[in-house]
Amino acid sequence: MEELIQIDKNVFLFLNNLGSERWDGFWLIITKQLHWSPIFLFIFYFIIKKIGWKQFGYVVLFLAVLILVTDQLTNFFKYSFERLRPCNDPSLEGQMREVLTRKSFSFFSGHASNSMATTTFIFLLFRKHFKYAFLLFLFPLIFAYSRIYLGLHFPGDILTGYLFGMFLGTFFYRLYKIMQPKYFPVS
């Protein structure tokens with residue numbers, strides 16, 4: 001396990017040190033969910049055009065519950081493992097670019113798990129309707145990389161968050177498909 005943790009730290013240092021002050025402002029913008037709002041609204045527009053307001057309401061309800069469950073379970077794991085963030089890890093002091101600091105724990109990334117869960121859910125629902133739906137996965141990739149760039153997460157935190165998010169996104173998609181015919185059929 002120690003060897004795996006050291007590999008994680010080495011990959012983190014490599015990726016984190018690719019950054020430069022010139023790009024810090026860009027990645028500080030990327031890491032905030034609010035700044036992604038125009039893209040979310042654009043995606044919601046296409047979803048509403050495809051399924052209508054009523055079905056969109058059910059999708060938003062599922063997304064809200066999905067985010068709640070993902071976020072709470074992620075926090076449960078963070079406080080169970082209590083892995084220090086890179087910015088708080090004494091063994092990395094002086095070796096990394098520290099753009100942001102947070103006091104909470106690192107394993108695993110809530111940004112990665114939530115963004116991947118919601119993207120997976122939306123992708124599975126609409127992959128047959130939109131030819132380029134796979135491009136939605138650019139969001140969690142860029143969004144979560146910002147956490148490495150800023151010094152807040154190790155790559156293992158991100159990858160675990162992705163896997164956890166994919167699992168929950170798929171689970172909620174299947175739950176939605178099971179419940180849809182009985183509780184919110186398409187008119």
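The side chain of S109 reaches the backbone nitrogen of A112 at 3.0 Å, a polar contact in the sense used here (a pair of N or O atoms within 3.5 Å, where, within protein, one must be able to donate a hydrogen and the other to accept it, and residues adjacent in sequence count only if both atoms are side-chain atoms). The model is a predicted one, with local features needing pLDDT of at least 70 and side-chain atom pairs counted only at pLDDT 80 or more, while totals for chains, interfaces and linings use all residues. Residues are numbered from 1 along each chain as its sequence is written, and side-chain values use heavy atoms, with hydrogens and water left out.

S109 sits in the loop between α3 and α4; helices here are DSSP runs (H or I, at least four residues), numbered from the N terminus. At the start of α4, a side-chain oxygen of S109 also comes to within 3.3 Å of the backbone nitrogen of H111. With a relative accessible area of 0%, S109 is buried (buried is under 20% relative accessible area, exposed over 50%, partly exposed in between, with a 1.4 Å probe and protein chains only). Setting aside neighbours within four places in sequence, S109 is in contact with T74, H153, D157, I158 and G161, contact being heavy atoms within 4.5 Å.

Next comes α4 itself. Since 17 of its 17 residues are buried, α4 is largely enclosed by the rest of the structure.

The largest nonpolar core has 24 residues, of which L66, F121, I122, L125 and Y176 touch the most other members. Such a core is a set of buried Ala, Val, Leu, Ile, Met, Phe, Trp, Tyr and Cys residues joined through side-chain atoms within 4.5 Å. Two or more residues each come from α3, α4 (110-126) and α6 (155-183). Beyond neighbours within four places in sequence, the contacts of F121 include V59, F62, L66, F172 and Y176. A second, separate core of 21 residues has L13, L100, Y149 and L152 among its members.

Over in helix α2 (residues 21-30), D24, W27 and I30 are buried. Seen down the axis, the buried residues of α2 fall within an arc of 125°, so they line one face of the helix; the arc is taken over directions from the helix axis to the C-beta atoms. Part of what covers them is α5 (138-149).

By contrast, K54, found in helix α3 (residues 37-81), counts as exposed at 57% relative accessibility.
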